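Hi,

Here is the structure I said I'd pass on. Have a look at it first, and my notes follow below.

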Amino acid sequence: MQSLIDNARMFGQRPETFAKLAGGQWPEVLFITCSDSRVVPALITGAAPGELFELRTAGNIVPAYAPAAPTGEAATVEYAVQVLGVQHIVVCGHSHCGAVGAVVRHDDLSAAPAVRSWLAHAADEPRCSDKADPTVAEAVQHHVLTQLERLRAYPCVQRRLEAGQLRLHGWYYEVHTGTVLAHRAHSDTFETL
Ligand code: ZN
């Protein structure tokens, strides 16, 4: 923790770098990924402050659209799409994902009841033919596509897609290599960018 505090103390010593950010934000991309500490969107993409609007959840889950049950996730998606007018949404799953792994392996989550409830409420069980695979690659990739389907059901997303003002992207990030794969619609496979 101390090194993080030291860096934070030093960070604000370049006010000229940040002054222009007071004028507002115009991010092109909503980047949805897992809370996992090994996934660092700005590092992966090289994004500068103001370029990525981020939503991070356990297992990069996008809850099904349900206006009667407000969620922070839905609010974040709507704000990004409707207010900020992002032109792209990336859902980025990652290898060795604890949340997706717990779902496919049916892990005992009684010690983490909030996690258990979140996954039971929000996650569909993804396809997984090899539950012993520590990367859970197949399950994570299938899971990413499920989240994209859910996004398509959000009215604001639907409107922008129909207007040709928004594109959705499914990514899979390997935490052990740094490689990013993207879903290709024509082949329905994940391939290197
Ligand atoms: Zn994860």
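**What I found**

Strand S4 gives the largest share of the lining of the largest pocket, five residues. (Helices, H or I with at least four residues, and strands, E with at least two, are DSSP runs numbered from the N terminus.) Bear in mind that this is a predicted model, where local features need pLDDT of at least 70 and side-chain atom pairs pLDDT 80 or more, while totals for chains, interfaces and linings use all residues. Numbering starts from 1 along each chain as its sequence is written, and side-chain values use heavy atoms, without hydrogens or water.

Back to that pocket: its volume is about 270 Å³. Of its 14 lining residues, Leu148, Leu168, His169, Gly170 and His183 lie nearest the centre. Two or more residues each come from helix H7 (137-152), strand S4 (167-173) and strand S5 (180-184). By class, the lining has seven nonpolar, three polar and four charged residues. (Asp, Glu, Lys and Arg are charged; Ala, Val, Leu, Ile, Met, Phe, Trp, Tyr, Cys and Pro nonpolar; the others, including Gly, polar.)

A pocket is an open set of points on a 1 Å grid over the protein atoms alone, with protein on both sides within 12 Å along at least five of seven lines; in a cavity a 1.4 Å probe fits but cannot get out, and lining residues have an atom within 4 Å of a point. Volume is the space filled by probe spheres on points joined across faces, edges and corners.

There is one cavity of 30 Å³ or more in the whole structure. Helix H5 (residues 98-105) gives the largest share of the lining of the largest cavity, three residues. Among the residues lining it are Gly59, Ile61, Leu119, Asp124 and His143.

What holds the zinc ion? Cys34 (SG), His94 (NE2) and Cys97 (SG) coordinate it at 2.1 to 2.3 Å, with donors spaced C-x59-H-x2-C along the chain. (Donors are N, O and S atoms within 2.8 Å of the metal, 3.2 Å for Na, K and Ca; water is absent, so sites may look incomplete.) His94 and Cys97 are both buried, meaning under 20% relative accessible area with a 1.4 Å probe, protein chains only.

Cheers

Notes
Buried < 20%, exposed > 50% of the residue type's maximum accessible area, 1.4 Å probe, protein only.
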